[in-house]
Amino acid sequence: MSEARGFSLLERFELKYHIPVSLADEIGDFLKPYCEEDFYSKKTPGGFYWITNLYLDSPRWTFLSWKKAGKLDRFNMRVRCYGEHPDNEGSFHFEVKRKVANVGYKSRGTIKGVNPSFVWSHPEEEWPCKTETDKMYVRQFIGKTHIYNAQPRLLTQYKRRAWFGLNEEYSRVTIDMGMRFREENGFDYSVDSAEMWSTSLPRFFQRDCNAVLELKCPALQVPFWMLDLIHRFNLKHGAFSKFGNAAAEWKRVYENPRDFRDARFPYLAGDFEDSKEVFA
């Protein structure tokens, strides 16, 4: 059984494929000999549970510009929690997702029982972290926000069904659907569906697809069953960036105000003309 479920630092290879979500049950049946559904999928009817991410970036969209430019060593920052309507009494995961060439690295420091803003306004000894490792990664996260002037930008949500490999140190399969977002300039995790804009749009997917399947494992330890899965379902590789697509759609909000609801925090958009290369 995977030993990396409560991870603080992961090194992994990620492959993304566009699929119709109607394949989810058939894929789940294929995975039964090799995987088990994760905790949240097991307890959620239908297997799909909500994930809420608050992405941070600089006023000039530094992290997004790195991705658009194809920088070989880059990262982004987010504070993740679970559920469609997150509770401030729950857990918040401060994550830095770094990518070096084709290999991803993900660090995570967790606090519980307070809103994430707490760690910026209270001394480190008061942070409600379970372990010293959590505290170290939260500290590193805070340090990066100061270096890059990173601030909350976009709150994203999606539904996920996920599996963990039974026999590898780390292997994971996820199916994500229903991507949506809104602006957020603080740490307000409240969600009103009427304020959310969709990024589950046909233009972001391959034809006849509406979900993203991800295969995750160490770069040099791809399980044979993952290769069999790719072959069995004739999977076609397809990129999908939840943060990048949300930012692209948000740009359309500001360029076409008559087609969208009023922007919630207009000044947060920055100068799109000045940053037009980021959104090209």
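Let's start with lysine 135. Lysine 135 is buried, at a relative accessible area of 12%. Buried means under 20% relative accessible area, exposed means over 50%, and partly exposed lies in between, with a 1.4 Å probe and protein chains only. This is a predicted model, where local features need pLDDT of at least 70 and side-chain atom pairs count only at pLDDT 80 or more, while totals for chains, interfaces and linings use all residues. Residues are numbered from 1 along each chain as its sequence is written, and side-chain values use heavy atoms, with hydrogens and water left out.

Back to lysine 135. It sits in helix H5. Helices (H or I, at least four residues) and strands (E, at least two) are DSSP runs, numbered from the N terminus. Which residues does lysine 135 contact, leaving aside neighbours within four places in sequence? Glu124, Glu125, Trp127 and Cys129. Contact means heavy atoms within 4.5 Å.

Next, the cores. A nonpolar core is a set of buried Ala, Val, Leu, Ile, Met, Phe, Trp, Tyr and Cys residues joined through side-chain atoms within 4.5 Å. The largest has 25 residues. Met77, Val79, Val138, Phe141 and Tyr189 have the most contacts inside it. Elements giving two or more residues include strand S3 (49–57), strand S4 (73–82) and helix H5 (132–148). S4 gives the most, with four. A second, separate core has 20 residues, among them Phe48, Ile175, Leu215 and Leu235.

Last, leucine 227. It belongs to helix H6 (residues 224–232). Leucine 227 is partly exposed, with a relative accessible area of 44%.
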